[in-house]
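Work through the exercises below with the structure open beside the text. Try each task before reading its solution.

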Amino acid sequence: MSDHEAAWRRLRAAGAAAAARPTAGLFDAESDRLSRMSLEACGLYLDLSKQPWSAKDLALALDLARAAEVEAARERLFAGAMVNPSEGRAALHMALRAPAGAAFSALGEPVSAEVETTRAALADIARAIRSGDRRGATGQPFTAVVHIGIGGSDFGPRLVWEALRAPSPQIDLRFAANVDPAEITLALAGLDPAKTLVVVVSKTFTTQETMANAAIARAWLREGLGEAADSHLVAVSASPDVAQAFGVRPDQIFGFRDWVGGRYSIWSAVGLSCAIALGPDVFEALLAGAAAMDDHFRQAPLEANAPVLLALAHIFNRNAMDRPVRAVVPYAQRLRLLPNFLQQLEMESNGKRVRADGRPVTQATATTVFGDAGANVQHAFFQLMHQGSDIIPADILAVAESADGHPDSQTKLLANALAQAEALMVGRSEAEVRKSLEADGLSAAEIDILAPQKTFPGDRPTSFILMQALTPQALGALIALYEHKTFVEGVLWGINSFDQWGVELGKTLAGRILQDLQGDAPRAHDPSTTALIARLRGEG
Ligand code: F6P
């Protein structure tokens, strides 16, 4: 048995023991538990002490990370090695946010100079639009930007915008991702083409949903502005030729390279709309926060490394305790979209059953991620979190100081975040419930029925992430924290976190079914699909 397999085996045995042990009791048994299991990195305070692992279990998880050679994998990532072998690519999103003068190479080719040139160009256009130096075709300043893109070309910019936007922004930034006509219709509604910039973002510039929305927006611009509409259409793509063929002027195309994965691309020109709408200094601060997390991830020893520890807490639940679902609950309305962002980051990166070398995985991989903003979710799925038959670990996030005023409301929000994490771990014993029902004067028969229903089993794990304020730096660090966590998990499972073959089949079939819905002679599919096609053709 290899060291790696032996480390997995020991961790699973530790998980079985942890399942039979109250987590809260570990604070008495391990006097330094909190200091050992919490750390501060890049403005984020991470508390993993409410996880079910003991200090000894944590040491076993760190042994697993060493046996899986996480440190060597991390070096290969930062060195721009081919960490995405199925597509023959490096994954070098860290190069996009590095401070000026960095010297990253992708597969041996230096990239930092080009990155700096693109960054400067983004800042220039963002500044020019905001100052009014660059105006629309009729001479009016731009007051709206419509960002068109989907998946990695949408989730990051949307998250960053909602997190950092001013309540009444100078630029009205809107998004259209879905091919559902409702979304582009609502995004364009009420806007004046003469004051609107359309930014089409697609790594490939072939994505069906994006191209459909881009065509609608281009037609809308042309209808309002005629030939002059071209100056209102900007593209961001790793396939500039395709963008040009679509009709975007070459001087209005911002590029990025194939070593930027879609779900890791917010740091590239994909962030252009945010740079315009938030201002280039805010965008640069976001990048600086992520770069600080890169430094931390690269340099901190594994036992004091935030992405590594967050990954190991997840792995302990997933693989040692067989928990296939995880909730992400930001107690910050501005981070409401974080769960959506993480769904793509984690589930597209690590939702795989085959290793990078083609062999089947030996461990279960990515969990199902779901979530929404606290406190709202307390009135939705928290009943199940507290008393449901499955144990669902959660990441709970909170921001100490709100920039949105109303400090009393903010304190109430924080109280809820802390209360839920405490309640999830500590629970409420049946004995305690019985005592309180007795004090209320209920009969023994009534207590027998009610007490089990009012009991909280506890031992529902949380990782708590607290930031002082939702600054661009803190947000950048937070997103990079999760990116590196996802990478570490991929290394532990032996999978390639940077490809996404699982999205291809549905795309191909959608192309065929589109023909079947529109053409004269639909092909046969499985009976269920054939019947649905017939219904939609009005023939069923
Ligand atoms: O969801 C599949 C996917 O390929 C993602 O990986 C990507 O972020 C998204 O589609 C959009 O792709 P593109 O940026 O090429 O339009």
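## Exercise 1: two packed helices

H8 passes H20 in a right-handed crossing. The model is a predicted one, in which local features need pLDDT of at least 70 and side-chain atom pairs count only at pLDDT 80 or more, while totals for chains, interfaces and linings use all residues. Residues are numbered from 1 along each chain as its sequence is written, and side-chain values use heavy atoms, with hydrogens and water left out.

Task: describe how helix H8 (residues 155-164) and H20 are placed against each other, and state which residues meet.

Solution.
- Step 1, the terms. Helices (H or I, at least four residues) and strands (E, at least two) are DSSP runs, numbered from the N terminus. Axes are lines fitted to C-alpha atoms, for helices over the stretch in contact, and angles run from 0 to 180 degrees between N-to-C directions.
- Step 2, the geometry. The axes of H8 and H20 come within 11 Å and cross at roughly 145 degrees.
- Step 3, the handedness. A crossing is left-handed if the near helix is turned anticlockwise from the far one by less than a right angle, and right-handed if clockwise; the crossing of H8 and H20 is right-handed.
- Step 4, the contacts (heavy atoms within 4.5 Å). On the H8 side are Leu159, Val160, Ala163 and Leu164. They meet Pro472, Leu475 and Ile479 in H20.

## Exercise 2: salt bridges

Task: find how Glu489 and Lys485 are linked, and decide whether each is buried or exposed.

Solution.
- Step 1, the criterion. A salt bridge is a side-chain nitrogen of Lys or Arg within 4 Å of a carboxyl oxygen of Asp or Glu. A search of the whole structure finds 33 of them.
- Step 2, the pair. Glu489 and Lys485 form a salt bridge with an N to O distance of 2.8 Å. Both lie in helix H20 (residues 472-493), 4 residues apart, so about one helical turn separates them.
- Step 3, the accessibility. Buried means under 20% relative accessible area, exposed over 50%, and partly exposed in between (1.4 Å probe, protein chains only). Glu489 is buried at 1%, and Lys485 is buried at 1%.
- Step 4, the network. Salt bridges link Arg326, Glu346, Asp395, Lys485 and Glu489 in a network.

Task: examine the salt bridge between Arg298 and Glu75.

Solution.
- Step 1. The closest N and O atoms of Arg298 and Glu75 are 3.5 Å apart.
- Step 2. Arg298 belongs to helix H13 (residues 280-299) and Glu75 to helix H5 (residues 70-78), so the pair ties together parts that are 223 residues apart in sequence.
- Step 3. Arg298 is partly exposed, at 30% relative accessibility, and Glu75 is partly exposed, at 37%.

## Exercise 3: a lysine without a partner

Task: locate Lys50 and say which side chain of opposite charge is nearest.

Solution.
- Step 1. Lys50 sits in the loop between strand E2 (44-47) and helix H4 (55-67).
- Step 2. For charge, Lys and Arg count as positive and Asp and Glu as negative; His and the chain ends are not counted. The nearest side chain of opposite charge to Lys50 is Asp47, 4.3 Å away. Lys50 is buried and has no salt bridge.
- Step 3. Apart from neighbours within four places in sequence, Lys50 contacts Thr23, Ala421, Glu422, Met425, Pro461 and Thr462.

## Exercise 4: a mixed sheet

Task: give the strand order of the sheet that contains E1 and E2, then follow two of its pairings.

Solution.
- Step 1. Two strands pair if DSSP finds at least two bridges between them. The order in this open sheet of 6 strands is E1-E2-E13-E12-E10-E11, with mixed pairing.
- Step 2. Strand E1 (38-41) and strand E11 (368-370) are the edge strands, each pairing on one side only.
- Step 3. E1 and E2 pair in the antiparallel sense over 4 bridges, and Glu40 has Tyr45 in E2 as its bridge partner. The two strands form a hairpin with 2 residues between them, and Cys42 in the turn has a positive phi of about 55 degrees.
- Step 4. Strand E12 (residues 394-401) and strand E13 (residues 462-469) pair in the parallel sense over 7 bridges. Ala398 stands opposite Leu466 in E13.
- Step 5. Helix H15 (residues 338-350) packs on the sheet and touches strand E10 (325-331), E11 and E12. The direction of H15 makes about 165 degrees with that of E11.
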